Amino acid sequence: MKKHKGKKALITGGSRGIGLAIALHLASEGTDIAINFRRDEEAASKAAEEIEKLGQKALLLKADISDHKEIKEMFVKLKDSFGDLNYFVSNAVSGVLGPAERIGRLGWKRALDTNARAFMLCVQEALKHFDNSITSIVAISSIGGQTVLPGYTAVGASKAALESLVRYFGREFAPRGINVNAVSGGPIYTASLDYFPEKEKVIEEWKNRTPSGRIGTPEDIAPVVSFLLSEEAAWIQGQTITIDGGLTL
Ligand SMILES: NC(=O)c1ccc[n+]([C@@H]2O[C@H](COP(=O)([O-])OP(=O)(O)OC[C@H]3O[C@@H](n4cnc5c(N)ncnc54)[C@H](OP(=O)(O)O)[C@@H]3O)[C@@H](O)[C@H]2O)c1
């Protein structure tokens, strides 16, 4: 029996990287997947094909989640196509990396709007449309929300806000039978790492400082998200689970 048989999930930024690994893991466990993405149609189409190969339905939802209007339209489309929704995974990320003293108004707004405000607005829309079916919500955070990563100030602050929202939502929605948790990843091989200044040097440093001796992969994250979405995790509420091979120890 598949763990998530008959369930339906929405994953923001599910077209590549960690979001795609989560999508494929959930699909392999019997979940139909709605993938939100912003621009890369080719990656999104490939992701849909892979989900369908696993025998599940795939729905592509192109929307910029830093825009409230696009979020609202996305949830209306989701309601029309999927009918109901059981899981919401907030995974999409955006933000410019660089020194704290050079963060501009727009860079700050982009990071906060995409990585924190969108989580709040998507959860509100999910509750508005799917109050009767939604059981669990997982947000993807980063160790940069609680520790310092090079050039990560604005994104780190947005992840700290995200983790705080997870606690408030967990407290408020638990009586309605909805679980809200986050996973906080250490460095993971995806296109995101390309934006770090002196990438190769920084990756080598992270590897050396990680007791488990390597950088993470999207497949390290996906099964933990699957667990947190499942009934087995029903007693975990409002928590942020760190997945970093021991780097922050
Ligand atoms: N990689 C790491 O080292 C690492 C470590 C810890 C935590 N994380 C977290 O894991 C999550 C996924 O990261 P990743 O490295 O897999 O990212 P990624 O490979 O850069 O993929 C980002 C995804 O987000 C989508 N996206 C970006 N801005 C969007 C917007 N405004 N509206 C809708 N979709 C948008 C992209 O769609 P398009 O391609 O269409 O633009 C893409 O699907 C993020 O929350 C990140 O903070 C990553």
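Analyst: Let's start with a term: a residue is near a molecule or strand if its C-beta atom, placed from the backbone, lies within 6 Å of it. This is a predicted model, where local features need pLDDT of at least 70 and side-chain atom pairs count only at pLDDT 80 or more, while totals for chains, interfaces and linings use all residues. Residues are numbered from 1 along each chain as its sequence is written.

Around the ligand sit 30 residues, and G13, G17, G185, T190 and S192 come nearest. Helix 1 (17–28), strand 2 (32–37) and strand 5 (136–142) each give two or more residues to that shell. Helix 1 gives the most, with three residues. (Helices, H or I with at least four residues, and strands, E with at least two, are DSSP runs numbered from the N terminus.) By type, the shell has 11 nonpolar, 14 polar and five charged residues. Here Ala, Val, Leu, Ile, Met, Phe, Trp, Tyr, Cys and Pro count as nonpolar, Asp, Glu, Lys and Arg as charged, and the others, Gly among them, as polar.

Now zoom in on strand 2, which is mostly covered: six of its six residues are buried. Buried means 20 or more other C-beta atoms within 10 Å of a residue's own, with C-beta atoms placed from the backbone. In a regular strand, side chains alternate between the two faces of the sheet. In strand 2, D32, A34 and N36 point one way, and I33, I35 and F37 the other way. Strand 2 runs parallel to strand 1, joined by five bridges; strands pair if DSSP finds at least two bridges between them. Across that pairing, K8 stands opposite D32.

Notes:
A residue is buried if 20 or more other C-beta atoms lie within 10 Å of its own, exposed if 12 or fewer, and partly exposed in between; C-beta atoms are placed from the backbone.
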